[in-house]
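Subject: Handing over the model, with notes on what was found

Dear colleague,

Here is the structure that I promised to pass on to you. Please open it first and keep it beside you while you read the notes below.

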Amino acid sequence: MGKLTSTLWLILCVFSHPVLANSQYNMRKGVTDISNNVYQLHMTIFIICCVIGVIVFAIMFWALIHHRKSKGAVPAQFHESTKVEILWTAIPFVILIAMAVPATKTLIAMEDASKADLTIKITGSQWKWHYEYMGEDVEFYSILSTPQDEIANLADKNPNYLLEVDKPLVLPINQKVRFLMTSDDVIHSWWVPDFAVKKDANPGFINETWTNINEEGTYRGQCAELCGKDHGFMPVVVVAKSEADFKTWLADAKQAKQKAALADAALLDKTLPKEELMTLGEQVYMANCAACHQPTGMGLPGVFPALKGSPIVLGDIKDHIDVVIHGRPGTAMQAFAKQLSIKQLAAVITYKRNAWGNDTGDVIQPSQIQTALDAKVEAN
């Protein structure tokens, strides 16, 4: 009796709601009403499946034991029994309806992105996310910030290894936020488990989804669609703030953008030293270019061209600037005009033209970058 009681107590503990909710093997409840609905739906169907399994196997083993041939059991003949046919058709039908009704309600709610308080356009590219707050004149790229030493196993990995970015997406709590998803190159998928949001970003198409966060905090996810060699280096980080703190952050972001524009304008009449540009250029290169062209500038043969000894890097300066700021359509070479400031663009081009033994001696100035940008605007 004691062993039976202990066994029953163990079963109750294993399948109790708190244990299941906190298990690392279970879905997380998340911090939105939708994520909680998804969790409850998952648990409901899980319990239904467990009950079905217990009943089916109990009947099966009972039949095996009590109707075995050694006891002289004779098989019953009920082939083409109308009652049995109706019974084993009706029972699964009722079970499926019981599952389908809450599942349909949840799916419909997940797709209803109407009446949003804020709309954000999310664009995926290899391998970063671009966030644009529609109607607010705020946009930025979010890039992996895990140090290269950790990736190369030269340093201990921190708890958020490969799940940290330089600029997280900032959202308000208790407001409905609509997401518009698209892509610049291949198919990506923006996924944050705590929101129960996972939506593909397809090039040439706009998908939409939404969330309404209930709790402040930092929530992490990643690209959930195999999108190339650095698919695993494309995290999503969302910081949820109170409505008041979000308004403050938004105002600060707008002000920072204005200051950056003024800072760029002030650089147009300056000549920056080569040493300063090379130091900044290396930082920009490692953060934005090394994933494809490699830290050594050797690229990946047959995939990404080498920059060491490259005809473009060693060739005409204007052509090199044009490739960096406008990209190469139809290739993995992105346009960095909106991703980097004119100082960063000047620095990284200077670095490429003087690193790895290229040694052209060229020093690119922000004014040259601005001239190229202005020429493109006039051409359009």
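This is a predicted model: local features need pLDDT of at least 70, side-chain atom pairs count only at pLDDT 80 or more; totals for chains, interfaces and linings use all residues.

Residues are numbered from 1 along each chain as its sequence is written, and side-chain values use heavy atoms, with hydrogens and water left out.

Pockets

Rolling a probe the size of a water molecule over the atoms shows where empty space is left. A pocket here is an open set of points on a 1 Å grid over the protein atoms alone, where a 1.4 Å probe fits and where protein lies on both sides within 12 Å along at least five of seven lines; a lining residue has an atom within 4 Å of a point. Grid points are joined across faces, edges and corners, and a volume is the space filled by probe spheres set on the points.

The largest pocket has a volume of about 1000 Å³. Its lining comprises 31 residues, and those closest to the centre are Glu139, Phe140, Lys167, Lys338 and Gln339. At least two lining residues come from each of strand S3 (138–142), helix H6 (243–267), helix H7 (274–288) and helix H11 (342–354), where helices (H or I, at least four residues) and strands (E, at least two) are DSSP runs numbered from the N terminus. H6 provides the largest share of this lining, 7 residues. By class, the lining of the largest pocket holds 18 nonpolar, 6 polar and 7 charged residues; Ala, Val, Leu, Ile, Met, Phe, Trp, Tyr, Cys and Pro count as nonpolar, Asp, Glu, Lys and Arg as charged, and the others, Gly among them, as polar.

The second largest pocket has a volume of about 880 Å³. It is lined by 40 residues, and Asn288, Cys289, Ala291, Cys292 and His293 lie nearest its centre. Helix H5 (148–151), H7, helix H8 (290–293), helix H9 (311–314) and helix H10 (317–326) each contribute at least two residues to this lining, and H8 gives the most, with 4 residues. The lining of the second largest pocket divides into 25 nonpolar, 10 polar and 5 charged residues.

Annotated spans

An unreviewed UniProt entry carries the annotation "transmembrane region" for residues 45–65 and 86–104; UniProt positions are given in the numbering used here, feature names are shortened, and annotations may be inferred rather than shown by experiment. In the model, residues 45–65 are 100% helix and 0% strand, with end C-alpha atoms 30 Å apart. Residues 86–104 are likewise 100% helix and 0% strand, and their end C-alpha atoms lie 26 Å apart.

Sheets

Strands of a sheet pair through backbone hydrogen bonds, either parallel or antiparallel; two strands are taken to pair if DSSP finds at least two bridges between them.

Strand S5 (177–183) and S8 pair in the antiparallel sense over 5 bridges, and Val177 stands opposite Thr211 in S8.

Two loop residues

Lys338 sits in the loop between H10 and H11 and is exposed, with a relative accessible area of 71%. Pro273 lies in the loop between H6 and H7 and counts as partly exposed because its relative accessibility is 40%.

With best wishes

Technical notes:
Buried means under 20% relative accessible area, exposed over 50%, partly exposed in between (1.4 Å probe, protein chains only).
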